[in-house]
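My notes follow in the order I took them.

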Amino acid sequence: NRELRAIAAVAKDVIHPEGTVIATEGDPGVGLFLIVDGEAEVTIGGKRMAILRRGDFFGEIALLDGGPRSATVTARSDMRLLGLTEWVFRGLLQEHPSIAVKTLEAMAGRLRAATQAATA
């Protein structure tokens, strides 16, 4: 896949052992992470929102709006990630608009799920 090759070419390889808190809700966001291997749990206010696996990504909301992390992400297994800084991510979006579309689709899905959870 062309997009994954483009991401891999500019991303930093990141390794986290099982149990590591990779992102903490409310903390400043420093990048977007794409899961290469492993599994992570996403929680908001201590409530499990999702399980992320290979091919999933997180950190895009704080990356795009400059705000704090919107959720906590914890490694459920040993994990290998590709990390992208804001500067690198913005360059990728300009060079590969399809990455922007996929990011927006994922964000829309998460927003819908969060809205349904809040009104349930």
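I started with Thr43, which I found in strand S4, residues 40-44. The model is predicted, so I kept in mind that local features need pLDDT of at least 70. Is Thr43 buried or exposed? I read a relative accessible area of 14% for Thr43, and because buried means under 20%, Thr43 counts as buried. Leaving out residues up to four places away in sequence, I listed Glu25, Arg48, Met49, Ala71 and Thr72 as touching Thr43.

Next I looked up the sheet that holds S4. I noted an open sheet of 4 strands, paired antiparallel, in the order S2-S7-S4-S5. Which strands stand at the edges? They are S2 (21-23) and S5 (47-52); each has a single partner strand, so one side of each has no neighbour in the sheet.

S2 and S7 (residues 72-75) run antiparallel and are joined by 2 bridges. Ala23 stands opposite Val73 in S7.

Last, I turned to the helices. The axes of H3 (residues 86-95) and H4 (residues 97-119) come within 5 Å and cross at roughly 110°. H3 is therefore roughly perpendicular to H4. From H3, I listed Phe89, Leu92, Leu93, Gln94 and Glu95 in the contact; they meet Pro97, Ile99, Ala100 and Thr103 of H4. I sorted the residues of this contact into 6 nonpolar, 2 polar and 1 charged.

Note on methods. Residues are numbered from 1 along each chain as its sequence is written. This is a predicted model: local features need pLDDT of at least 70, side-chain atom pairs count only at pLDDT 80 or more; totals for chains, interfaces and linings use all residues. Side-chain values use heavy atoms; hydrogens and water are left out. Two strands pair if DSSP finds at least two bridges between them. Axes are lines fitted to C-alpha atoms, for helices over the stretch in contact, and angles run from 0 to 180 degrees between N-to-C directions. Angles under 35 degrees count as roughly parallel, over 145 as roughly antiparallel, 65 to 115 as roughly perpendicular and the rest as oblique. Contact means heavy atoms within 4.5 Å. Ala, Val, Leu, Ile, Met, Phe, Trp, Tyr, Cys and Pro count as nonpolar, Asp, Glu, Lys and Arg as charged, and the others, Gly among them, as polar. Buried means under 20% relative accessible area, exposed over 50%, partly exposed in between (1.4 Å probe, protein chains only).
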